[in-house]
Amino acid sequence: MRLSNRLSTIQSIAEHAHKQYNYDYIWDTCCDHGQLGAGLLKNGISSKLFFVDIVPELMASLEQNLNQFFPNQKHQWRVLCEDVSCLPLNGVENPNGKHLIIIAGVGGDLMLEFITQLNQRFPDLSLDFLLCPVHHQFSLRSQLRKMEFNLRYEEVLDDYQRFYEVLLVTSDSTNQSPLISVAGEVLWQYKTASEQNMLERYLSKTIEHYKRMQKGNSKLADSALVAYESVKIEKASLQFL
């Protein structure tokens, strides 16, 4: 099955990140039908993959499909019917290995709950998260900054005329990456005229959204507008990953 632009972008970033950071374990959470993780397996990624969702019927169907299409890679994948906040990161062969946790398809507030609980459960692990929230991007970014998460990479994408931000962040305080910005930095850099146009449309839509929120005396909207109205869309110069 052909992946959507959103899932194919997440997959590409995960593969590039793996080449750079050599993850031992990749957790494809809220995975629904497992298309993202299956794409990683198909492309020969070397990490052990965990497919995680909380819906039993989906996980049973996914396990059947994986057995059918990846029978020779059974040692490399595992299906878990589990809440993301309860991931058994310490139940793997090498608990101190490198983990990439992918969370997509849910809002930023729920993502933050998952991240906070995992950090509290595993304070001694440096965790990387690949995030693609469906909304609440600004509040998610603001809280990640307060939690001193560092940015490895970020990108905006347009999938069927809906905008998404994809963020690769880490809790590893020893790396050289900067703290995540509340409005984004690399996010607003373009390489082509079409990317520039997309970013201009996304920024305009985001500012209008928070202007509407501001009418309800939202302090979050006030902070967001200050941040987004200072954004400059520029030719790409910064590089991460």
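In which helix does Q137 lie? Q137 lies in helix α5, and in this predicted model the residue is buried, with a relative accessible area of 13%. The protein chain has a mean pLDDT of 94, and 98% of its residues reach 70 or more.

**Confidence**

- Among the elements of the protein chain, the lowest mean pLDDT, 94, belongs to strand β9 (residues 234-235), while the highest, 98, belongs to strand β5 (residues 127-132).
- Where pLDDT is low, the predicted coordinates should not be read in detail.

- H136 is placed in the loop between β5 and α5, where the residue has a positive phi of about 60 degrees although it is not a glycine; at 36% relative accessibility, H136 counts as partly exposed.
- Y160, in the loop between β6 (150-159) and β7, is also not a glycine and has a positive phi of about 55 degrees, and with 72% relative accessibility Y160 counts as exposed.
- Most residues other than glycine have a negative phi, which is the background against which H136, with its positive phi of about 60 degrees, and Y160, with its positive phi of about 55 degrees, may be read.

**Aromatic pairs and charges over rings**

- The structure holds nine aromatic pairs, and one of them is formed by F138 and Y228, a tilted pair with 5.7 Å centre to centre and 55 degrees between the planes.
- This pair links distant parts of the chain, since F138 sits in helix α5 (residues 137-146) and Y228 in helix α7 (residues 219-228), 90 residues apart; F138 and Y228 are both buried.
- Y228 also pairs with Y210 in a stacked arrangement, at 5.8 Å centre to centre and with 15 degrees between the planes.
- Because Y210 lies in helix α6 (residues 193-214) and Y228 in helix α7, this pair ties together parts that are 18 residues apart in sequence, and both Y210 and Y228 are buried.
- Elsewhere, Y25, W27 and F50 form one aromatic cluster.
- Two arginines lie over the faces of tyrosines: R152 over Y21, at 3.9 Å from the ring centre, and R6 over Y164, at 5.5 Å from the ring centre.

- The buried residues of α7 are A221, A224, L225, A227 and Y228, and because they fall within an arc of 160 degrees when seen down the helix axis, they line one face of α7.
- An α-helix has 3.6 residues a turn, so residues three or four places apart point the same way.
- On the other side of α7, K219 and V226 are exposed.
- The buried residues of α7 are covered by elements that include α5, β7 (162-170) and α6.

- A14, placed in helix α1 (residues 5-21), is buried, with a relative accessible area of 0%.
- Apart from neighbours within four places in sequence, A14 is in contact with L40, L100, I102 and L130.
- F50, one of the residues of the aromatic cluster with Y25 and W27, is 36 residues from A14 in sequence and 14 Å away in space, C-alpha to C-alpha.
- L36 lies in helix α2 (residues 35-42) and is buried, with a relative accessible area of 5%.
- Not counting residues up to four places away in sequence, L36 touches L7, I10, Q11, D28 and I102, and I102 is also among the contacts of A14.
- The C-alpha atoms of L36 and L157 are separated by 16 Å, with the two residues 121 apart along the chain.

How values were computed: Residues are numbered from 1 along each chain as its sequence is written. This is a predicted model: local features need pLDDT of at least 70, side-chain atom pairs count only at pLDDT 80 or more; totals for chains, interfaces and linings use all residues. Side-chain values use heavy atoms; hydrogens and water are left out. Rings of Phe, Tyr and Trp (its six-membered ring) pair if their centres lie within 6.5 Å; planes under 30 degrees apart count as stacked, over 60 as edge-to-face and the rest as tilted. Helices (H or I, at least four residues) and strands (E, at least two) are DSSP runs, numbered from the N terminus. Buried means under 20% relative accessible area, exposed over 50%, partly exposed in between (1.4 Å probe, protein chains only). A charge sits over a ring if NZ of Lys or CZ of Arg is within 6 Å of the ring centre and within 35 degrees of the ring normal. The arc is that of the directions from the helix axis to the C-beta atoms. Contact means heavy atoms within 4.5 Å. pLDDT is the predictor's confidence in each residue, from 0 to 100.
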